[in-house]
Amino acid sequence: MRIAYFINTFKSMNWGGQATSNGIKKLVEQTYPDAEFVPLNLPSFPLNKIRIFRSFWEKKLAKAILDDDRNKVVKNLKKLNIDEAFFNGFDTVCFNGEGAVHAKSGHLIRLLGILYEFKKRGAFVAALNQTVDLGDNELLKEVLHKVYSMVDYLAVREPVSQRELQKLGLEPALIGDAAYALGKFSDEKVASLIPDLKLPPKFIAVTGSSYLKRNKKSIKMMDNLLSEIEKFYQGIPIYFLANAKTDIYLAHKLQSKYRYTIFAAPEEKYERAIAVIAKAHLVIGGRQHPNIFAAMQGVPFIPLQGNTHKMEGVVELLEYPIEVLEWRDHLKLNENFKRIEKERERLFNEVKVPELSSIRLDPSSK
């Protein structure tokens, strides 16, 4: 078995991307120890900065997929820098949907075209580890339905996305995010990962969100969040965990006001981020994977909204008793601060953290 793996996020700045790729690799090695696992890097788009040029060929690719015109699919993929040689030598495809299967994605049509061509070449195609949030984009829904009806195995990472695909007439399996395959880090492993940090005995970890932008409006929302944290947790230090360009921007914009420590990518990698989260008193923010890491380590978190329904999906999958908050909802934020301090010892009694031990990538898998 020779497995083509993409989206390849091993070298992503994002800690969640790093964790999910390492989780998938771990599952593949456990389930198929003799397989060759080949991460593929997708070529950049032609004239990458000119969105209108890309859109022209994406629409042509979408039409070719819907018309089931393989020759035109291949032709239009080539216009989007996917040459026929890209497909050679693989009998199995592991598509890590990660955060690319949503209406605001600039990559989705091309990815669906790649899956279509792999299937036409006879590969076993598994589309998994994804949040699906297509909003009201009917073209994306049509193309995705067409391609996902062709794949051999289809799985989503949370129940909100499962219901979205069910509305399209598809029946995806529900398998937790691949990061869960990494399992909980032991106290010994945590200590070995961050001996240099000298973390305080009690601190609050804050993250950003895909909901926020690099603008004054988002600076204000983050400023208000930090102010509420300081008012409630007086004297307890804040660590700003930043693993996206927007988060790093916001962290530096407000550091002089709040004098927190910034723990940031790309210098810091996912395992050390997990270790920091494991030592936190509380995690607050709208980044999906830091909240997943908190759940894995048994650390309370307060989830804030992102740019898709992925956070709502995480909370539902975990059966976590705190709902996703809007960034401006300071009343509920403070209610949850009080609740966590009152209930933190029993908060995780009923939380369902998935345990992943295998992956399905061939017809004989159960």
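I began with helix 11 and listed its buried residues: Gln288, His289, Pro290, Asn291, Ile292, Phe293, Ala294, Ala295, Met296 and Gln297. The model I am reading is a predicted one. Helix 11 spans residues 288-297, and ten of its ten residues are buried, so I noted the helix as mostly covered, with buried meaning under 20% relative accessible area. I then looked at what follows helix 11, and found glycine 298 with a positive phi, near 75°.

Next I looked up the largest pocket, which holds about 1,600 Å³ of space. I found 48 residues lining this pocket, and the closest to its centre are Ser12, Asn14, Gly99, His102 and His107. Which elements give two or more residues to the lining? I wrote down helix 1 (15-31), strand 3 (92-98), helix 4 (108-120), helix 9 (245-258) and helix 11.

I searched the whole structure for aromatic pairs and came away with 18. One of them joins tyrosine 5 and phenylalanine 10, with 5.9 Å centre to centre and 65° between the planes, so I call it edge-to-face, the word for planes over 60 degrees apart. Is tyrosine 5 buried or exposed? I have tyrosine 5 down as buried, because its relative accessibility is 0%.

A second pair I checked is phenylalanine 232 with phenylalanine 337. Their ring centres lie 5.2 Å apart and their planes meet at 35°, so I recorded this pair as tilted. The pair links distant parts of the chain, since phenylalanine 232 sits in helix 8 (residues 216-232) and phenylalanine 337 in helix 13 (residues 330-343), 105 residues apart. I looked at accessibility here too: phenylalanine 232 is partly exposed, with a relative accessible area of 29%, while phenylalanine 337 counts as buried at 0%.

I also noted one aromatic cluster, formed by Phe6, Phe86, Phe87, Phe90, Phe95 and Phe118.

Last, I looked for charged side chains over ring faces. Arginine 110 lies over the face of phenylalanine 45, at 3.9 Å from the ring centre. I also found lysine 189 over the face of phenylalanine 185, at 4.1 Å from the ring centre.

Conventions. Residues are numbered from 1 along each chain as its sequence is written. This is a predicted model: local features need pLDDT of at least 70, side-chain atom pairs count only at pLDDT 80 or more; totals for chains, interfaces and linings use all residues. Side-chain values use heavy atoms; hydrogens and water are left out. Rings of Phe, Tyr and Trp (its six-membered ring) pair if their centres lie within 6.5 Å; planes under 30 degrees apart count as stacked, over 60 as edge-to-face and the rest as tilted. Buried means under 20% relative accessible area, exposed over 50%, partly exposed in between (1.4 Å probe, protein chains only). Helices (H or I, at least four residues) and strands (E, at least two) are DSSP runs, numbered from the N terminus. A charge sits over a ring if NZ of Lys or CZ of Arg is within 6 Å of the ring centre and within 35 degrees of the ring normal. On a 1 Å grid over the protein atoms alone, a cavity is a set of points where a 1.4 Å probe fits but cannot get out, and a pocket is an open set with protein on both sides within 12 Å along at least five of seven lines; lining residues have an atom within 4 Å of a point. Grid points are joined across faces, edges and corners, and a volume is the space filled by probe spheres set on the points.
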